[in-house]
Structures are given as structure tokens and as C-alpha cells.
Amino acid sequence: MSLEYIVLLRLSLSILIGKTKLEQHLAVYQPEREKKIYDSLKWFSDHTGVDSDLLASIYKQIMLQSVKIQENLEKYDIHSVKTDAKSAKRALNLARQNIGGFLTQMNLIENMLNYDNEQDDILGIISKLYEDLLS
């Protein structure tokens, strides 16, 4: 799964988040939530070596698009989609497998970070894990 599909999945969640905000009468843009996200990125950067400016830039773009989506929810009010049931089921199963594998990997990384906050070369360790998986 490449980055553009991860972004697509994340932005599709923005619709659900927007609907929840609407139902709970919450503001679409929540600056205090944005600050918490940036604070957590700083922690993540400090513990992984991933550049905090890079992370902030990516998150800023995702948050801007999420707000845009949530301010235009009527555009995404899809009641039915015509599709072949077998093809849709296959696609959903494949997506579920890919997301499951991705989440498993993210949980492993999160556990590594929580277990050893003093890790100097987390990028190198993760790269080695992928290398071992591919060999």
C-alpha cells in the first residue's frame, strides 16, 4: 500500500469524523486539537529521528483537506453505489487485509517506542525489520 492510498483512507475517515462533529454540535476546526497533534509530533520526532518539520507539513496538509471535506459533507452524502456484489466483497476483503497488516506494523512500532524511549536509531531498526520481512 503506497502513501497515496493511506492518505485516501485517512481523508475518507474525515467524512465520518465530520458527521460525528455535526451530530455532536462540535466545531469543524478545533485549534486546541490541532495543538495536541503538533505536540505529539514533536514527541514522535524526538523519539524516532523523523524530522518534525516534515511531519508538521504532512499533517498540516491532511488537516486542511479534512476541514475542507468536513465543511462540505453534503458533497459526500452517497446513498448507494452501483457495483457488482462479488467485486465489492473482494475489494473490501483485500482492503481489510491490507489495513490489518498496516495496523499490525504500526502497533509494533508504537510498542517499540513505548518500550524503549531512549532508542537512537528507530528508523534503522524499522528498516531492518522490513529487510528481514522481505528476505
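**Close-up views of a predicted model**

**View 1. A nonpolar surface patch draws its largest share, three residues, from helix H5 (residues 122–134).** Met-106, Tyr-130, Leu-133 and Leu-134 form this patch, with about 430 Å² of accessible area together. Tyr-130 lies in helix H5 and counts as partly exposed because its relative accessibility is 34% (buried means under 20%, exposed over 50%, partly exposed in between; 1.4 Å probe, protein chains only). The model is predicted: local features need pLDDT of at least 70, side-chain atom pairs count only at pLDDT 80 or more, and totals for chains, interfaces and linings use all residues. Residues are numbered from 1 along each chain as its sequence is written, and side-chain values use heavy atoms, with hydrogens and water left out.

**View 2. Helix H2 (residues 31–48) packs with helix H3 (residues 52–70).** Their axes are 9 Å apart, at an angle of about 150°. H2 is therefore roughly antiparallel to H3 (angles under 35 degrees count as roughly parallel, over 145 as roughly antiparallel, 65 to 115 as roughly perpendicular and the rest as oblique).

**View 3. Lys-35 and Asp-39 are joined by a salt bridge between their side chains (2.9 Å, N to O).** A salt bridge is a side-chain nitrogen of Lys or Arg within 4 Å of a carboxyl oxygen of Asp or Glu. Both residues lie in helix H2, four residues apart, about one turn of the helix. Lys-35 counts as exposed at 52% relative accessibility, and Asp-39 as partly exposed at 43%.

**View 4. Lys-42 forms a salt bridge with Asp-46.** The closest N and O atoms are 2.9 Å apart. Lys-42 is partly exposed, with a relative accessible area of 45%. The whole structure holds two salt bridges.

Definitions and conventions
Patch = residues over 30% accessible without salt bridge, like charges linked within 9 Å, V, L, I, M, F, W, Y side chains within 5 Å. Areas by Shrake-Rupley, 256 points an atom, 1.4 Å probe, with all protein chains shown as cover. Helix = DSSP H or I, 4+ residues; strand = E, 2+ residues; numbered from the N terminus. Axes fitted to C-alpha atoms, helices over the stretch in contact; angles between N-to-C directions.
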